[in-house]
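User: I have a model open and would like to learn how to read its features one at a time. Could you walk me through some?

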Amino acid sequence: MKIIGTGSALPEKIVTNDMLAGFLETSDSWITTRTGIQTRRLLSKETLSELAITAALAALDSSGVAPSEIDYLICSNVANSYVTPSMSSIILGPLGCCCPCTDLNGACAGFIYALDIADAFIKTGRAKNILIVAAEEPSRFCNWHERETSVLFADGAGAVVVTEGDGFRDFRVTADTHTDVLYYKRAMEQTPYDRVDERTQPLVMQGREVFKLAVRACIKDVDIILQKNGLSGDDIDMYLLHQANLRIIDSIREHLGQQKDKFPTNLQKYGNTSSASIPILMDEMSRAGLLKNGMRLLLSAFGGGFVTGAAILDWSEIKYPEVSSDN
Ligand code: UT7
C-alpha cells in the first residue's frame, strides 16, 4: 500500500493561550512550557463533517482518484454530535463516493489503526483505493471550566487516499485496558429496566499518568518496529508523531538520540487534534515539499484505551493541483 493523496482542514477560529487565560486559571507561559502549544483552532461556525469533507476532497483531488473509484471509506473519529449514523455515512454522499464505509475509534492512534486495516484490505484484494479521513473535535469532550484538559485539545481533519503499492513496510498496533486514565462518558437514555442515572462526564485525564504511559508505549513500539525491520533510529528520515505535547515528542527523540529537525511539529499552532494530528502534519509537510521521494517515515501515536500504533513507510512525492489565483 502507498499514500497517493493528502488533505487537511482546520477551523477558522484561532484561540491563543492568552484568550484561555481570560477565563481559566492558567497562563501562556504555563501552557507553552508544559506542552509547547501556543494557539489552537476550535470549531465555531463550521461543523466537523464539513471539515472532514474539505480534507477528503483535497486528498481525492491530489490523488487523481475519482470519488466513484474509492472502494472503501474509513473514518477515524472518537465522537461527534451524531452517535449514529457514522461520520463516514454522513460524508459518503456529499463526497460522491459509493462504497462501503465505517468509522473506527482508535482514539488518538486511530489514523494508524485505519492505515493498518486499509493495508490488510488492499493486500487481500478486497479493495484497491481507500479513502481514510481522521476528523476529530476533542474540544467538545472537555469541561471548559477545567484548565487541566481544555488547554490541550483542538479540532481538525486530515485525510489520505491509499492504493496498491510498496510504500508501507510494516505496522505495529497495540492495545491494553487502562480505562481510568483517560475517558469521556456520554449519558444514554433510560429504559424501564435500567434506570441508572447516568450523566455525561466531560473528559477525565490523569495527565501525568498518560504522559508516562505514552512515552513508555511509544518508545517500545518504535524500538520493536525498527528492530523487526532491521533498522536503527538513524535509518528514519522523518518521525511523524502524534502531536500531543512537545515534551512527549522530545522524550522519544532523546531516547532515539536523534536531531530535532527529524521530528517536525505543528502542535504549537494546532494543539492536540487527536487522530487527525498526524494526517494534518503529513499534508502540511507534503504540500510544502518537505517529504521527498524515497524518504523513510516513521509514524507513532498513542491514545485513550490505552491504544498505540506505529508504522514505517517510504514516501512517494505527490503532485498537488495548482491553486487557482481566483480562489
Ligand atoms: O492524546 C492524548 C491526550 N493526553 C495527553 O497527551 C496528556 C499527557 N500529559 C501531559 O501532556 C501533561 O501531563 C499535562 C500537560 C497534562 C500536564 O503537565 P504536567 O507537567 O504533567 O503537570 P502536572 O499535571 O504535574 O501539574 C503541575 C501543576 C499542578 O499544580 P500543583 O499541584 O503543582 O500546584 C496542576 O494543578 O500544574 C497545574 N496545572 C496547571 N496550571 C496552569 C495543570 N494544568 C494547568 C494549566 N495551567 N492549564
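Predicted model: local features only at pLDDT ≥ 70, side-chain atom pairs only at ≥ 80, totals over all residues.

User: Is Ser300 buried or exposed?

Analyst: Buried counts as under 20% relative accessible area. Ser300 has 2%, so it is buried. Beyond its neighbours within four places in sequence, Ser300 is in contact with Ile112, Cys218, Val222, Leu240, Leu241, His242, Ile278, Gly309 and Ala310.

User: How do I read the sheet that E12 belongs to?

Analyst: Strands of a sheet pair through backbone hydrogen bonds, either parallel or antiparallel. Here, four strands make an open sheet in the order E8-E13-E12-E11, and the pairing is mixed. At the edges are E8 (168–175) and E11 (238–241), each pairing on one side only. On average, neighbouring strands are turned by 10° against each other, direction ignored.

User: How many bridges join E8 to E13?

Analyst: Seven, with the two strands running antiparallel. To find one of them, look at Ala175, whose bridge partner in E13 is Val307.

User: Which helices lie across this sheet?

Analyst: Take H10 (residues 277–287): it lies across E11 and E12, at about 140° to E11. Then there's H5, lying across E8, E12 and E13 and running at about 125° to E8. H5 (residues 110–123) also lies across E4, E5, E6 and E7, at about 165° to E6.

User: What is the strand order where E4, E5, E6 and E7 belong?

Analyst: That's an open sheet of five strands, ordered E1-E7-E6-E4-E5, again with mixed pairing. Its edge strands are E1 (2–9) and E5 (101–104). The twist from one strand to the next averages 20°. For a parallel pair, check E4 (residues 72–76) and E5, which share four bridges; Ile74 has Thr102 in E5 as its bridge partner. H3 packs on this sheet too, touching E1, E6 and E7, with its direction at about 145° to that of E1.

User: And how do I read a helix pair?

Analyst: Two packed helices are described by the angle between their axes and the distance between the axes. For H3 (residues 48–63) and H4 (residues 87–95), the axes come within 10 Å and cross at roughly 55°. That angle makes H3 oblique to H4, and the crossing is right-handed.

User: Which residues make the contact?

Analyst: H3 brings Leu48, Ser49, Ala52, Ile53, Ala56 and Leu57, while H4 brings Met87, Ile90, Ile91, Pro94 and Leu95. Sorted by type, that's 10 nonpolar, one polar and no charged.

Definitions and conventions. Residues numbered from 1 in each chain as written. Heavy atoms only, no water. Buried < 20%, exposed > 50% of the residue type's maximum accessible area, 1.4 Å probe, protein only. Contact = heavy atoms within 4.5 Å. Axes fitted to C-alpha atoms, helices over the stretch in contact; angles between N-to-C directions. Parallel < 35°, antiparallel > 145°, perpendicular 65-115°, else oblique. Left-handed = near helix turned anticlockwise from the far one by under 90°. Nonpolar A, V, L, I, M, F, W, Y, C, P; charged D, E, K, R; others polar. Pairing = 2+ DSSP bridges.
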